[in-house]
Amino acid sequence: MAACRAVGAPGSGPIPAAHRPRSPAPNVVWSVDFKGQFKTGDGRDCYPLTVQDAYSRCLLACEGLTGPLLQPTQQVFRRLFRSYGLPERIRSDNGQPFASCALGRLSQLSVWWIRLGIRPELIEPASPQQNGRHERMHKDLKADTTRPPAASRRAQQHRFDVFRHTYNHVRPHEALDQRRPATLYQPSDRPYAGCLTPSTYPEHFEIRRVSTNGGIRWNHRWVNVSHLLAELPVGLEPLTEGTWNVFFGPMHLGWLDEHDYRIHDHRGRLTRRRRLSPIS
């Protein structure tokens, strides 16, 4: 089994989608989404989960699931990681199971990605155009496989498999200079070892382990963080007098304010501009 890599030092949190550079190589960014659900001919719900490499446009997965649930989604990603290795980042919308209303919009799935050394990227709410390539692929998927739906989920999955093969290996893409995605894609050089690694932080950070109740002790006071990070270390960077940046691995979660001993994220009450750590 390959050696596990430590999660990198903190960066500056999610990069606004409008300012993200185009992916320069395979496996720098994977995008993921659930194509809107529909019912197959037997009346059962089908939620197509799609995963695409942003550079090559290679469609890595198209799986008809019963819902946007954690365990089946995680199962699909385990299979992808075993087959293709780990990407650097995974871009998604703010829906389940990719995000939640917890601090930093973390979810069980995104915490798992971070612990594997993958950085989640969330597009802005109600902004599907920020994942435009993925949305265009979804239009083709819908037209080719769901009008009308297949008689059963098994038959529908066969349609998805045929579509994925055609999309990757047969159909030339104008945006790729008439090349096929499979000719541009190659597996990642970061193998999936299956182990979860501890986050590392710079020496000037204060480290606190989140309790099973989802909080930390700070100046003898209780500070709520998130139950999703129970028994995991978070890093606090001094910012201004009485204010600390709070990180989980490379993800900036928000600011701890010693005036009220609360962590405020980008949706919180701390609105004045503050310096963040440079991206490492």
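Leaving aside neighbours within four places in sequence, which residues is Phe163 in contact with?

## Phe163 and its contacts

Here's the list: Phe163 is in contact with Leu59, Met137, Asp140, Leu141, Asp144, Thr145 and Arg171, once neighbours within four places in sequence are set aside. Contact here means heavy atoms within 4.5 Å.

Phe163 belongs to helix α4, residues 153-170. It's buried, with a relative accessible area of 4%. For these labels, buried means under 20% relative accessible area, exposed means over 50%, and partly exposed is in between (1.4 Å probe, protein chains only).

## What you're looking at

This is a predicted model, where local features need pLDDT of at least 70 and side-chain atom pairs count only at pLDDT 80 or more, while totals for chains, interfaces and linings use all residues. Residues are numbered from 1 along each chain as its sequence is written, and side-chain values use heavy atoms, with hydrogens and water left out.

The protein has five helices and 13 strands. Both kinds of element are DSSP runs numbered from the N terminus: helices are H or I with at least four residues, and strands are E with at least two. Of the 280 residues, 50% are buried. Take the contacts between residues at least 6 apart in sequence: 62% of them join residues at least 24 apart. The exposed surface comes to about 14,300 Å², with 49% of it supplied by carbon and sulfur atoms; accessible areas come from the Shrake-Rupley method with a 1.4 Å probe, and for residues only the protein chains shown count as cover.

Now find α1, a helix of 15 residues (70-84). From first C-alpha to last it reaches 21 Å, close to the 21 Å expected at 1.5 Å a residue. That expected span is 1.5 Å times one less than the number of residues.

Thr73, Gln74, Val76, Phe77, Leu80 and Phe81 are the buried residues in α1. Looking down the axis of α1, they fall within an arc of 155°, so they line one face of the helix. The arc is that of the directions from the helix axis to the C-beta atoms. These buried residues pack against β1, β3 (45-53), β4 (59-65), β5 (89-92) and α2 (108-115). On the face turned away from the buried side, you'll find the exposed residues Gln71, Gln75 and Arg82. Just after α1 comes Gly85, which takes a positive phi of about 85°.

## Asn27, a buried polar spot

Asn27 lies in the segment before β1 (29-34) and is buried, with a relative accessible area of 5%.

Strands β8 (215-218) and β9 (221-224) pair in the antiparallel sense over four bridges. To count as paired, two strands need at least two bridges found by DSSP. Gly215 has Asn224 as its bridge partner in β9. Two residues lie between the strands of this hairpin, and Asn219 takes a positive phi near 55°.
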